[in-house]
Amino acid sequence: MDKLKELLKELTEITGPCGFEEEVAAFIAKRLRNTVDSLEVDNSGNLIAIKKGSKPGPRILVAAHMDEIGFIVKKVESNGLIRFEKLGGHDDRVLLSQRVQIQTAAGTRTGVIGTISAHMMKFDDPEKVRKHQNLYIDVGAASQQQVSDMGIRIGDPISWFPHFDFLTETRVAGKGFDDRAGCAVLIKALEEIESEDFSGEFVGIFTVQEEVGLRGARVASHYLNGDVAIALDTTAVSDTPEEMMDNTLSLGGGTGIKVMDFSLIANKKVREHLVKLAEENHIHYQLEIFPGIGTDAGELSLANAGIPTGVLSIPSRNAHSSNEIIDLNDLEATKDLLLVFIKNMHHSPKYKFQIS
């Protein structure tokens, strides 16, 4: 677990919101270069890593997205405050007073999303939630020229300020777990599995722009084919006291085996195979039905003539915020079940509905 934890920490320190995943891809490629049989980057920026088994067999596509939600520099005001646009889905209620990191050609710069002083509340509507278009980032500059001198330009990507905090021995808080956690699982699976352990091909797809419409996976689905596909992603738990929570998915309850979301109804036989292997290998799991989310699996399932597809989900609290929380035991369970599945995967006819 320690190696997986350290890998996740390194991945989340990188700024890589939607459309700006190059540094993440470079880190992963350098890490995997001596581990896999081939590495390539497609025209959309997806990183494809292929590891071959010792014998002919089925081909599995496993996807995890490199992008994190973030922002982009839109305008610099005359007083040096920066206006920004969103990259991916944000809740405006959690933006105020958050630290951010701007990636410039000259390096990273720290900023703070501004808010009014608490002393001003009596002159304001305390129920008001200001939209992001009305907010700004303060980088300490007092003019447009000072911002320019810092190397900040229109179009520079912005992420939450990186941190990795242990709340307990296994529960950590940080930014970008969606989906650097999935990337960490996929990297470790490619590193740990030996060619002698499986037959066929293990194709790892580190995708781009998932948070703005599964775009990288859509490109990959047009030219990659496989017998089965698995997406690795985080998913929102429902074990906290808010009124909409139904306690169907919990932090620390094990990896989530997807039944359905808005992008996919998981292949029944793939799901049942994952459940069977989890039970046989004493891997903690929970079944996930959550229509409020979508993953790269939605696009991969439509590849070519269609691929039997499932999802392994890493439970997360505070998703799409600067303080996402995961349990490392769930992360480990996700990796363990993925490895067992690859060693026991079938050709696609085994996952198809058969007519008599």
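1. Aspartate 42 sits in the loop between β1 (38-41) and β2 (47-52); helices (H or I, at least four residues) and strands (E, at least two) are DSSP runs, numbered from the N terminus. The model is a predicted one, in which local features need pLDDT of at least 70 and side-chain atom pairs pLDDT 80 or more, while totals for chains, interfaces and linings use all residues. Residues are numbered from 1 along each chain as its sequence is written, and side-chain values use heavy atoms, without hydrogens and water.

2. The side chain of aspartate 42 does make polar contacts, with the side chain of serine 44 at 2.9 Å and with that of tyrosine 223 at 2.8 Å. A polar contact is a pair of N or O atoms within 3.5 Å; within protein, one must be able to donate a hydrogen and the other to accept it, and residues adjacent in sequence count only if both atoms are side-chain atoms.

3. The largest pocket has a volume of about 970 Å³. Of its 37 lining residues, Ala236, Phe290, Gly292, Ile293 and Ala319 are the closest to its centre. On a 1 Å grid over the protein atoms alone, a pocket is an open set of points with protein on both sides within 12 Å along at least five of seven lines, a cavity is a set where a 1.4 Å probe fits but cannot get out, and lining residues have an atom within 4 Å of a point. Grid points are joined across faces, edges and corners, and a volume is the space filled by probe spheres set on the points.

4. β13 (228-236) and β15 (285-289) each supply at least two residues of that pocket's lining, and β13 gives the most, with 4 residues. The lining of the largest pocket comprises 13 nonpolar, 14 polar and 10 charged residues. Here Ala, Val, Leu, Ile, Met, Phe, Trp, Tyr, Cys and Pro count as nonpolar, Asp, Glu, Lys and Arg as charged, and the others, Gly among them, as polar.

5. There is 1 cavity of 30 Å³ or more. The largest cavity is lined by Glu68, Ile69, Trp160, Gly176, Asp178, Ser321 and Glu324, that is, 2 nonpolar, 2 polar and 3 charged residues.

6. Aspartate 178 is joined to aspartate 179 by a cis peptide bond, with omega about 10°. Aspartate 179 belongs to helix α4 (residues 177-192).

7. Two residues deserve a look for phi. Glutamine 209, in the loop between β12 and α5 (215-223), is not a glycine but has a positive phi of about 50°. Histidine 282, in the loop between α6 (268-280) and β15, has phi near 55°. Glutamine 209 is partly exposed at 21% relative accessible area, whereas histidine 282 is exposed at 72%.

Notes:
Buried means under 20% relative accessible area, exposed over 50%, partly exposed in between (1.4 Å probe, protein chains only).
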